[in-house]
Amino acid sequence: MAQTLKINGREHQVDVDDDTPLLWVLRDVLGMTGTKYGCGMALCGACTVHMNGNAVRSCVMPVSAVVGAEITTIEAVGETPTGKRIQEAWLAHEVVQCGYCQSGQIMSASALLASNANPSDSDIDGAMAGNICRCGTYVRVREAIKIAAKAEGVA
C-alpha cells in the first residue's frame, strides 16, 4: 500500500505493506543504512530512530504507525543542536569501538538530552538501558552524554 512518510524533514512515498517494520523501509526501500538491524525484537537498540522526538525501535514499529509522524534517523540527527553536541562528544570522548551499536546509542542519547538537558547518572542509565554494546563502552557513553549536556552550559 502506498504511504507518505516524513523522514529527516523530507516526504518519501513508499509502497509497502502496512505491517512492514520501519527499519526495513529505511534500509531496503529508502537506502538509509545508518540505522542498524540488531535483534529484530526491540531488545538491543541498534535500530533506534526518533518519532516526533522520542526514541523508538524501528525494527518493531510498523510503517502504518509512523504515517503523519516526524521521523529522524542517524543520517540527520547531527543537523539538530542536541544531536550535533552528542556526535561531537562521542568523538571527543572516543566512545566508538566497533561502531555497530553507535547509531542507536546516539539516537537514544540525543532524545534524552532533548527532553532532559541536565540528566543525572540514573537518568542516563535509564534512557540508555535498552542499548546493548558488545564492546562495553557504557562508561564512555555516560561521560559523552555528560560532556554534551555541559556543552549546552546546563550541567
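## Residues with positive phi

In this predicted model, Glu94 is exposed, with a relative accessible area of 58%. The residue sits in the loop that runs between helix 3 (81-92) and helix 4 (102-115). Although Glu94 is not a glycine, its phi is positive, at about 50°.

Ala42 is another non-glycine residue with a positive phi, here about 65°. Its loop is the one between helix 1 (22-29) and strand 3 (48-51). Ala42 has a relative accessible area of 27% and is therefore partly exposed, since the partly exposed class lies between the buried limit of 20% and the exposed limit of 50%.

## Helix 4

How many of the 14 residues of helix 4 are buried? The count is 12, so the helix is largely enclosed by the rest of the structure.

## The aromatic pair

A search of the whole structure gives one aromatic pair. Its members are Trp24 and Tyr37, with ring centres 5.3 Å apart and planes at 35°, so the pair is tilted. An angle under 30 degrees would count as stacked and one over 60 as edge-to-face.

The pair links distant parts of the chain, with Trp24 in helix 1 and Tyr37 in the loop between helix 1 and strand 3. The two residues are 13 residues apart. Trp24 is partly exposed, at 30% relative accessibility. Tyr37 is also partly exposed, and its relative accessible area is 36%.

## The largest pocket

The volume of the largest pocket is about 160 Å³. Its lining consists of Gly38, Cys44, Ala46, Cys98, Tyr100, Cys101, Ile132, Cys133, Arg134 and Cys135. By class, eight of the lining residues are nonpolar, one is polar and one is charged. Which domains contribute to the lining of the largest pocket? Domain 1 (2-72) and domain 2 (77-151) each supply at least three residues.

Cys133, one of the lining residues, lies in the loop between helix 5 (121-128) and helix 6 (138-151). Cys133 is buried, with a relative accessible area of 6%. The C-alpha atoms of Cys133 and Val96 are separated by 9.9 Å, while along the chain the two residues are 37 residues apart.

## Separations along the chain and in space

Val25 belongs to helix 1, and its relative accessible area of 0% makes it buried. Between Val25 and Ile7 the C-alpha separation is 11 Å, for residues 18 residues apart along the chain.

Pro62 is found in the loop between strand 4 (54-57) and strand 5 (70-72). It is partly exposed, with a relative accessible area of 29%. Pro62 and Leu23 stand 39 residues apart in sequence, with 8.8 Å between their C-alpha atoms.

Tyr138 lies in helix 6. With a relative accessible area of 42%, Tyr138 is partly exposed. Tyr138 and Leu26 are 112 residues apart along the chain, and their C-alpha atoms are separated by 27 Å.

Conventions: Residues are numbered from 1 along each chain as its sequence is written. This is a predicted model: local features need pLDDT of at least 70, side-chain atom pairs count only at pLDDT 80 or more; totals for chains, interfaces and linings use all residues. Side-chain values use heavy atoms; hydrogens and water are left out. On a 1 Å grid over the protein atoms alone, a cavity is a set of points where a 1.4 Å probe fits but cannot get out, and a pocket is an open set with protein on both sides within 12 Å along at least five of seven lines; lining residues have an atom within 4 Å of a point. Grid points are joined across faces, edges and corners, and a volume is the space filled by probe spheres set on the points. Ala, Val, Leu, Ile, Met, Phe, Trp, Tyr, Cys and Pro count as nonpolar, Asp, Glu, Lys and Arg as charged, and the others, Gly among them, as polar. Domain bounds come from an automatic or database domain assignment. Helices (H or I, at least four residues) and strands (E, at least two) are DSSP runs, numbered from the N terminus. Buried means under 20% relative accessible area, exposed over 50%, partly exposed in between (1.4 Å probe, protein chains only). Rings of Phe, Tyr and Trp (its six-membered ring) pair if their centres lie within 6.5 Å; planes under 30 degrees apart count as stacked, over 60 as edge-to-face and the rest as tilted.
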